[in-house]
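Student: I have not looked at this structure before. Could you take me through a few of its parts, one question at a time?

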Amino acid sequence: MFELKENDDICRQAQNSGTFYLFHNFSPFLQKIRGKYLVPQINATEIKKILEKFRQNEQRIEDSVLIGCSGDCLAYFALDLGSMERSVLESGLEGSFTELQQAFFQLDEKDTHLLSSAQALLRWHDNHQYCSKTGQPTKKNLAGSKRVCHSSGIIYYPQMSPVVITLLSDGNRCLLVRQASFPRGMYSALAGFCDVGETLEETVRREVAEEVGLEVDSLWYSASQHWPFPNSTLMIACHAMVQPQETEISVNKLELEAARWFSLDEVVEALRRDPRSSKQEDGTFSVCLPPKQAIAHQLIQEWIKNQLCQ
């Protein structure tokens, strides 16, 4: 990967043998078969035929960005064809450019990782076409691992924002919250962006205090995950504890729609529900939890395991 990123000649060779994922204005090209989204993997020869078919110069391949590499050194690239007519492309390719969030939880883990990385990198390039100091155009290297302002020599590298996601517990219950943007009925762990200069621990304590009015007594790290919604973020998952006698919630309505404590039985029951079928006969929605691809799901599973061990 290092050589592919830093050496344009090596990257160009890899483009001639690599696998491509197509996008249109940051939406990946997918095919839906028997209700399941599949991600077509297109080789270099097929990409050239597609470009020729739609009267595009073969040099468009160099607009692609490197998004990964397989164990046997096959390079993965993403190419956005947003300048072309979407409906014509979809008809000719026999598929559709689908909002990533719509298909994310139905894709294989390998595909979600590559597509989320691709979308984040493509969006970063689209937003950084000019130097913030000189105002002059920047130019990407072939792999898309950086952009350079040749008038000033400044090099820009893709960035992502750190977000701490925290599952809070009082020893017997866990705290779950929902935002208005969540699917109906869904609750998740509490999350917030790190402020400049903050440690992870400081972010956890501040976010918990700001959003639900509680004081964190102790906390520990669990895992991390790249998350493409709404943009490229690094989700840093933590568990945190509050004192059992200090559990009264004060919900910040500017940030959250609701927050409440859940017992072990309630969490286990909610985990069994499919978020897509949580609507009840009376029109209300049963509580459901994030699907397994989300790191919030992992936090909840870890909490359940810990409770059962106790």
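Predicted model: local features only at pLDDT ≥ 70, side-chain atom pairs only at ≥ 80, totals over all residues.

Student: Which residue in strand 10 is the bridge partner of Arg 147?

Tutor: Strand 9 spans residues 147-148, and its pairing with strand 10 is antiparallel. In strand 10, the bridge partner of Arg 147 is Tyr 156.

Student: In what order do the 3 strands of that open sheet lie?

Tutor: The edge strands, each pairing on one side only, are strand 8 (139-140) and strand 10 (155-156). The pairing in this open sheet is antiparallel, and the order of its 3 strands is 8-9-10.

Student: Which residues lie nearest the centre of the second largest pocket?

Tutor: This pocket has a volume of about 530 Å³. Strand 8 and strand 9 each supply at least two residues of its lining, as do helix 2 (8-15) and helix 6 (109-127). The lining has 20 residues, and those nearest the centre are Glu 62, Asp 63, His 125, Lys 140 and Arg 147.

Student: Which element gives the largest share of that lining, and how do the lining residues divide into nonpolar, polar and charged?

Tutor: The largest share, 3 residues, comes from helix 6. By kind, the residues of the lining divide into 5 nonpolar, 5 polar and 10 charged.

Student: Why is strand 12 described as largely enclosed by the rest of the structure?

Tutor: A residue counts as buried when its relative accessible area is under 20%. In a regular strand the side chains alternate between the two faces of the sheet. On one side of strand 12, Cys 174, Leu 176 and Arg 178 are buried, and on the other, Leu 175 and Val 177 are buried too. Strand 12 (residues 174-178) is largely enclosed because its buried residues number 5 of the 5.

Student: Which residue in strand 16 does Leu 176 stand opposite?

Tutor: Strand 12 also pairs with strand 16 (residues 258-262), in the antiparallel sense and over 5 bridges. In strand 16, the residue opposite Leu 176 is Arg 260.

Note on methods:
Residues numbered from 1 in each chain as written. Heavy atoms only, no water. Pairing = 2+ DSSP bridges. Helix = DSSP H or I, 4+ residues; strand = E, 2+ residues; numbered from the N terminus. 1 Å grid on protein atoms, 1.4 Å probe; cavity = no way out; pocket = protein on both sides within 12 Å on 5 of 7 lines; lining within 4 Å. Points joined across faces, edges and corners; volume = space filled by probe spheres on them. Nonpolar A, V, L, I, M, F, W, Y, C, P; charged D, E, K, R; others polar. Buried < 20%, exposed > 50% of the residue type's maximum accessible area, 1.4 Å probe, protein only.
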